[in-house]
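Here's a quick briefing to read with the model open beside you. We'll look at a pocket first, then at aromatic rings.

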Amino acid sequence: MNRRSFIKKSGLFAGTLFISLKSYPFDRREKKITGRVYSPKSGLRDVVVSDGYSVVVTDKNGYYSIEPNENARFLWVSTPAGYEFNTESNLARHYEGLGSRNQYDFQLKPLSVDDSRHNFIIWADPQVKDKSDVAQMMETAVPDVKKLVGGMGGTLVHGIGVGDLVWDNHALFADYERAVADMGIPFFQALGNHDQDYRRGGDETSDVTFSEHFGPTYYSFNRGKAHYVVLDDVRYLGEGRKYDGFVNQQQLDWLKKDLQLIPRDNLVIICLHIPVCSQVKNNGDLYALLKPFKNVHIMSGHTHYNINNIQNDIFEHNHGTVCGAWWTGPVCGDGTPRGYGVYEVNGTDLKWYYKATGREKEYQLSVDIETLNNQKRFIANVWNWDPQWKVEWWADDKYMGEPENIKGFDPLTIRLYKGDNLPAKRPFAEPHKTDHLFVGHFAPSVKKVKVVATDRFGQKFTAELNG
């Protein structure tokens, strides 16, 4: 069912739908904002407009009316399928800052291609702290994305940065913006804990600088049959640098109304910083809102390692980082290389892989061989593994079956990061135990070891080492 027919069946039209999160004094309710969402040729109907508190849809001629909350700072349009994203230097500009005006219009340009097929990338934790970090980002991660996108053959592609765009040094937001401009694709941003203003009051004021650069900290947009939601799940606790993972009630109330307008068979993609399944204290409230949808994926960062979790029938992709070990080593603490997630949407189907910076798409596992007392063993790290992958191995071309899945440390991270003075630039980076390791033992006489990992989509990836 498409969005327009769904809205018609539900009776959700401008003038009949007004959702408010609190009751206003009478004089406040009289203060309305009006406007129009239109293409170069005509007004656009059934387009969602929100101030983060109320949600309305445009009428048949593209007009809307909304009563803004007294605390609202932005008004935004949830870009509908079939239209280009409004951007400025590739940064998403789907919003207007609220001021003294009482009319805000949004012009959208129709896409020239069908957007039911499109790609997107997830950048987690570029987290630049100084100009040397910026230089690494511009010399490695940015060219890698440009090369990847250039090989997509004109497929629509956009990016989403899921937080910690910088590392407390907010002057470097400008450098992140330069990276986005250079990558050449529309980019949306989520707030991370290192993107917050500390010592500026409480949670409600901790996003001021971020918002000056990137607008609202939660919103939605559409492409094809995919509905994207960006949330702020970093709650500043108002003391020092203390924060926790939490989605506040204001966002939950807004999200409930936003999702009411989405067909239940659509693909829903939630983008935020702190992983929901393990670190968001009220994750049950979010899961409850998402329960009616059967095809939900959550995109998160924050941990500086890569892990896939399935909980409440929701697949959460917790991504390895663009910065690796804080720009001081080539891999994250779990051995996942510096890189980012790449996702391919076809209708409501979603496929994905992890793209290691500076390596080809086929690089999906690493293998390390260790010598023991009277035998050898390999440890394979399959960083984007989930239970639907299959890992197998061969010794001198003899099939040995499936290696043991273990939880432990990637050997490379031990060599790079284990020790009081390692790594040299930022010694706090440490190895992190992971469950995407596989181990097999073999005799010292074996000359060659081959490991083949087959992902849930049937793609095979091979690594070979001399014994």
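What volume does the largest pocket have? About 430 Å³. Keep in mind that this is a predicted model, where local features need pLDDT of at least 70 and side-chain atom pairs count only at pLDDT 80 or more, while totals for chains, interfaces and linings use all residues. Residues are numbered from 1 along each chain as its sequence is written, and side-chain values use heavy atoms, with hydrogens and water left out.

**The pocket**

- A pocket here is an open set of points on a 1 Å grid over the protein atoms alone, where a 1.4 Å probe fits and protein lies on both sides within 12 Å along at least five of seven lines. The volume is the space filled by probe spheres set on the points.
- Lining residues have an atom within 4 Å of a point. There are 25 of them, and Tyr53, Arg73, Asp207, Tyr218 and Gln250 are the closest to the centre.
- Strand 5 (74-78), helix 5 (208-214), strand 15 (234-236) and helix 6 (249-259) each give two or more residues to the lining. Helices (H or I, at least four residues) and strands (E, at least two) are DSSP runs, numbered from the N terminus.
- Sorted by class, the lining has nine nonpolar, nine polar and seven charged residues.

**Aromatic pairs**

- Searching the whole structure turns up 28 aromatic pairs. Rings of Phe, Tyr and Trp (its six-membered ring) pair if their centres lie within 6.5 Å, and planes over 60 degrees apart count as edge-to-face.
- Phenylalanine 173 and phenylalanine 214 are edge-to-face, because their planes sit at 90°, with centres 5.3 Å apart. Phenylalanine 173 belongs to helix 4 (residues 173-183) and phenylalanine 214 to helix 5, 41 residues apart.
- Are these two buried or exposed? Phenylalanine 173 is buried at 0% relative accessibility, and phenylalanine 214 is buried at 3%. Buried means under 20% relative accessible area (1.4 Å probe, protein chains only).
- Tryptophan 385 and phenylalanine 438 are edge-to-face too, at 5.7 Å centre to centre and 70° between the planes. Tryptophan 385 is in the loop between strand 24 (376-381) and strand 25 (390-395) and phenylalanine 438 is in strand 28 (residues 434-442), so the pair ties together parts 53 residues apart in sequence.
- Ring pairs also link up a cluster, with Phe85, Phe120 and Trp352 among its members.

**Charges over rings**

- Lysine 129 puts its charged end over the ring of tryptophan 167, 4.7 Å from the ring's centre. For this, NZ of Lys or CZ of Arg must be within 6 Å of the ring centre and within 35 degrees of the ring normal.
- The charged end of lysine 450 sits over the ring of tryptophan 394, 4.7 Å from its centre.

How values were computed: Nonpolar A, V, L, I, M, F, W, Y, C, P; charged D, E, K, R; others polar. Phe/Tyr/Trp six-rings, centres within 6.5 Å; stacked < 30°, edge-to-face > 60°. Buried < 20%, exposed > 50% of the residue type's maximum accessible area, 1.4 Å probe, protein only.
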